[in-house]
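The findings follow in the order in which I looked them up.

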Amino acid sequence: YQQNIVKNARALASGLIAHGFRLVSGGTDNHLMLVDLRNKGVNGKETEKALVKADITCNKNMVPYDTKSPFVTSGIRIGTPAMTTRGMKENEMKIIALLIDKVLSNLGNENVYNQVRNEVKELTSKFPLYPELG
């Protein structure tokens with residue numbers, strides 16, 4: 001399980017990097033990653049709010065040498081344990097990276113948020129939280 005969490009984190013990190021995101025450590029060796037958003041021209045607070053509207057959970061987080069306040073931040077933190085617990089693998093992490101990019105490339109566009117929310121719902125429906133309950 002722990003090895004799968006790290007594999008998924010590496011796949012998500014790789015997917016984000018492929019979409020032009022900068023990871024503070026250049027990748028990840030554990031269950032989470034810190035994404036520096038300064039090259040995308042957005043801050044952590046607005047990114048967190050936009051992704052939540054699209055049903056993608058993350059946390060705003062300061063990055064090294066951050067010039068923004070802890071209430072705004074220049075980064076976000078994303079982890080893979082919850083997705084791994086649901087049974088998602090590396091392929092799904094690539095899809096999630098694409099969905100994150102879609103939201104941030106269309107910041108403020110409620111139609112895109114709704115579209116991504118539907119894509120998230122479709123993806124997560126294939127990986128139910130409690131499959132034994134049907």
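I take axes as lines fitted to C-alpha atoms, for helices over the stretch in contact, with angles running from 0 to 180 degrees between N-to-C directions. I note at the outset that the model is predicted.

Entry on α1 and α4. I looked up helix α1, residues 2–18, against α4, and found that their axes come within 8 Å and cross at roughly 35°. I recorded the crossing of α1 past α4 as right-handed. On the α1 side, I listed K7, N8, A11, L12, S14, G15 and L16 as making the contact, and on the α4 side E90, M93, K94, I96, A97 and I100. Sorted by class, I have 7 nonpolar, 3 polar and 3 charged residues in this contact.

Entry on α4 and α5. I then turned to helix α4 (residues 90–104) and helix α5 (residues 110–125), whose axes lie 10 Å apart at an angle of about 165°. I noted a left-handed crossing of α4 past α5. From α4, the contact draws on E92, I95, I96, L99, K102 and V103; from α5, on V112, Y113, Q115, V116, E119, V120 and L123.

Entry on rings. I searched for aromatic pairs and recorded 0 in the structure. I did find the charged end of K40 over the ring of F21, at 4.4 Å from the ring centre.

Methods: Residues are numbered from 1 along each chain as its sequence is written. This is a predicted model: local features need pLDDT of at least 70, side-chain atom pairs count only at pLDDT 80 or more; totals for chains, interfaces and linings use all residues. Side-chain values use heavy atoms; hydrogens and water are left out. Helices (H or I, at least four residues) and strands (E, at least two) are DSSP runs, numbered from the N terminus. A crossing is left-handed if the near helix is turned anticlockwise from the far one by less than a right angle, and right-handed if clockwise. Contact means heavy atoms within 4.5 Å. Rings of Phe, Tyr and Trp (its six-membered ring) pair if their centres lie within 6.5 Å; planes under 30 degrees apart count as stacked, over 60 as edge-to-face and the rest as tilted. A charge sits over a ring if NZ of Lys or CZ of Arg is within 6 Å of the ring centre and within 35 degrees of the ring normal. Ala, Val, Leu, Ile, Met, Phe, Trp, Tyr, Cys and Pro count as nonpolar, Asp, Glu, Lys and Arg as charged, and the others, Gly among them, as polar.
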